[in-house]
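Subject: Structure handover

Hello,

Here is the structure I said I would pass on. My notes on what was found in it follow below.

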Amino acid sequence: MKIVPVKKATADSHIVFVFDEKKKDWPDFEAADDEVAICYDGDKTFILAGLGKKGDFSSHILRSQAARAMKKAAKLKRKKICIFGPDAPGEAKVNHAACLEGALLGAYSFDRHKSEKPESVKELQLTDFALSSTEVKNIQTVCDAVCFARDLVNDNAHSITPERLAREALDMADDSLKVKVLDEKMLKKEGLSLMAAVGQGSVYPPRLMVMEYSGAGPKAKKIALIGKGVTFDSGGLNLKSNEGMLTMRLDMAGAAAVLGIMKALAVLKPAVNVVGVVGAVQNAMDAKAYFPGDVYRSYAGKTVEIINTDAEGRLVLADAVAYCRKNYSPERIVDFATLTGACIIALGETVAGVISNNDNLYDEIFAAGEAVAERVWRLPLYPEHKKAMKSDIADLRNLAKFKRGYAGTITGGAFIAEFVEDTPWAHIDIAGTAFNESSARGEVPKFATGFGVRLALKWLGAY
Ligand code: BES
Ligand code: ZN
Ligand code: ZN
């Protein structure tokens with residue numbers, strides 16, 4: 001989509017934001033903060049987007065309403081749209097950035113499989129926006145990265161294989177992004193045996209990708225971003241139910257987020273050093289698939305008893321985290337993973353779960369999430385959770401000793417914590433937030449959401 005800041009709109013279709021208090025201008029419009037209406041004046045179309053009461057306003061309302069208005073514009077088959085930057089409480093820059101972000105994210109649709117492609121807006125004119133052309137460009141880069149992550153998650157799992165994810169990483173390589181890929185032979189040779197075990201039942205061999213962005217010079221400390229890239233999670237021999245398997249192409253959403261973040265960093269070029277690591281593997285059920293009860297030695301040296309082949313994400317993360325620590329010595333680690341169904345039970349589809357060993361890091365992640373409306377909430381990690389992951393035959397077990405799924409999200413984190421050791425770390429469980437099974441909510445579409453890309457880029461100070 002072309003974005004053009006203009007003094008005077010030449011588009012005949014306008015998006016206008018309206019506060020509840022001002023509805024006398026549009027007498028039949030309630031201006032609720034989730035309401036969008038159409039109104040005609042001669043050959044002009046006005047898409048009215050309600051902002052609710054001024055006293056209840058936040059930039060998040062603007063973001064979601066801009067998204068709803070853009071969806072309406074596309075439905076009306078408008079090719080050119082003008083948005084008027086509203087005068088709203090708070091900082092104009094923050095409000096207008098959220099507004100543009102919402103408009104771009106709301107314009108997304110995954111239409112690869114649609115025989116009749118839906119209409120889309122081609123040109124977006126911005127009037128009265130308190131944003132410089134660089135700020136506009138940066139927001140577009142961020143939203144492109146979110147949509148790139150969404151596309152990877154939405155597409156068929158037979159297309160988005162570990163090899164394909166590695167190809168995406170290699171395609172991103174340029175002067176500011178160094179990319180390295182370990183194939184299945186190298187994974188075995190180097191001793192990433194947990195990852196290799198999860199992948200051994202699949203016809204699509206596993207890949208580990210390392211993407212290095214150095215925007216702060218060689219001496220500055222590194223931040224590691226790790227992504228779970230299970231391209232399809234059948235559960236393995238501990239096969240999932242029909243219903244549980246239906247959405248399991250989503251299980252590489254952590255990897256998609258990390259790929260999207262790295263892609264955006266290479267363009268935005270903030271002064272930070274980031275190493276992105278993605279463990280990509282398919283969890284298949286097959287004669288060669290790894291068995292429950294068997295024990296494997298991890299890259300870090302700790303042995304793991306496989307209690308359940310469906311708790312595969314933590315195995316992939318364990319090796320990815322250990323490989324990253326040993327070879328890149330990051331100062332802090334943040335991982336993104338669709339790790340546990342329990343997280344959806346605890347926090348639903350609108351809040352991600354966090355397990356962290358560091359209060360400062362958690363506070364920063366929380367603040368970044370609040371700023372971009374990608375909300376997170378912390379769960380505790382206590383010694384009893386770590387104890388529950390000890391095995392009688394090996395060092396660790398991949399499923400807690402607790403009853404059924406008790407504290408499932410925490411114990412998943414407790415397993416990863418064994419490999420993070422003393423590095424400040426935050427594990428973000430995006431099982432609920434990465435994929436929206438209900439209907440679109442403002443800037444959050446149905447299906448893949450791209451959750452985590454904006455949070456991380458905000459946290460890194462990249463936009
Ligand atoms: N990929 C799933 C978690 C998941 C479930 C993500 C639903 C998104 C939606 C993960 O690998 C898994 O299977 N977790 C099990 C863990 C259990 C076997 C300890 C779960 O959540 O049931
Ligand atoms: Zn699983
Ligand atoms: Zn999984």
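A residue is called buried here when its relative accessible area is under 20%. By that cut-off, K228 and D251 are both buried. Please keep in mind that this is a predicted model.

The zinc ion (ligand 2) is coordinated at 2.0 to 2.2 Å by D233 (OD), D310 (O), D310 (OD) and E312 (OE).

Which residue bridges the zinc ion (ligand 2) and the zinc ion (ligand 3)? The bridge is D233, and the two ions are 3.3 Å apart. D233 has a relative accessibility of 3%, so it counts as buried. D310, by contrast, has a relative accessible area of 24% and is therefore partly exposed.

Helix packing

Two helix pairs are worth a look. In the first, α9 packs against helix α13 (residues 408-420), with the axes 8 Å apart and an angle of about 30° between them. Because angles under 35 degrees count as roughly parallel, α9 is described as roughly parallel to α13. The crossing of α9 past α13 is right-handed. On the α9 side the contact is made by R314, L315, L317, A318, V321 and R325. On the α13 side it is made by G408, T411, G412, F415, I416, F419 and V420.

The other pair is helix α1 (residues 59-75) and helix α2 (residues 92-106), whose axes come within 7 Å and cross at roughly 35°. α1 also passes α2 in a right-handed crossing. From α1, the residues in contact are S59, L62, R63, A66, A67, M70 and K71. From α2, they are V94, N95, A98, C99, E101, G102, A103 and G106.

G413 is in helix α13. Is G413 buried or exposed? Its relative accessibility is 0%, so G413 counts as buried. Leaving aside neighbours within four places in sequence, G413 is in contact with I355, W425 and H427. G413 and I428 are 15 residues apart in sequence, and their C-alpha atoms are 9.0 Å apart in space.

V136 belongs to helix α3 (residues 133-154). With a relative accessible area of 8%, V136 is buried. Not counting residues up to four places away in sequence, V136 touches I3, L100, L126 and L131. V136 and V4 are separated by 132 residues in sequence, while the distance between their C-alpha atoms is 9.3 Å.

Backbone angles

Most residues other than glycine have a negative phi. K269 is not a glycine, yet has a positive phi of about 50°. K269 is in the loop between α8 and β10 (273-283). A373, likewise not a glycine, has a positive phi of about 60°. A373 lies in the loop between α11 (359-372) and β15 (375-378), and with a relative accessible area of 26% it is partly exposed.

Regards

Notes. Residues are numbered from 1 along each chain as its sequence is written. Chains are lettered from A and ligands numbered from 1 in the order in which they are written. This is a predicted model: local features need pLDDT of at least 70, side-chain atom pairs count only at pLDDT 80 or more; totals for chains, interfaces and linings use all residues. Side-chain values use heavy atoms; hydrogens and water are left out. Donors are N, O and S atoms within 2.8 Å of the metal (3.2 Å for Na, K and Ca); water is not among the atoms, so sites may look incomplete. Buried means under 20% relative accessible area, exposed over 50%, partly exposed in between (1.4 Å probe, protein chains only). Axes are lines fitted to C-alpha atoms, for helices over the stretch in contact, and angles run from 0 to 180 degrees between N-to-C directions. Helices (H or I, at least four residues) and strands (E, at least two) are DSSP runs, numbered from the N terminus. Angles under 35 degrees count as roughly parallel, over 145 as roughly antiparallel, 65 to 115 as roughly perpendicular and the rest as oblique. A crossing is left-handed if the near helix is turned anticlockwise from the far one by less than a right angle, and right-handed if clockwise. Contact means heavy atoms within 4.5 Å.
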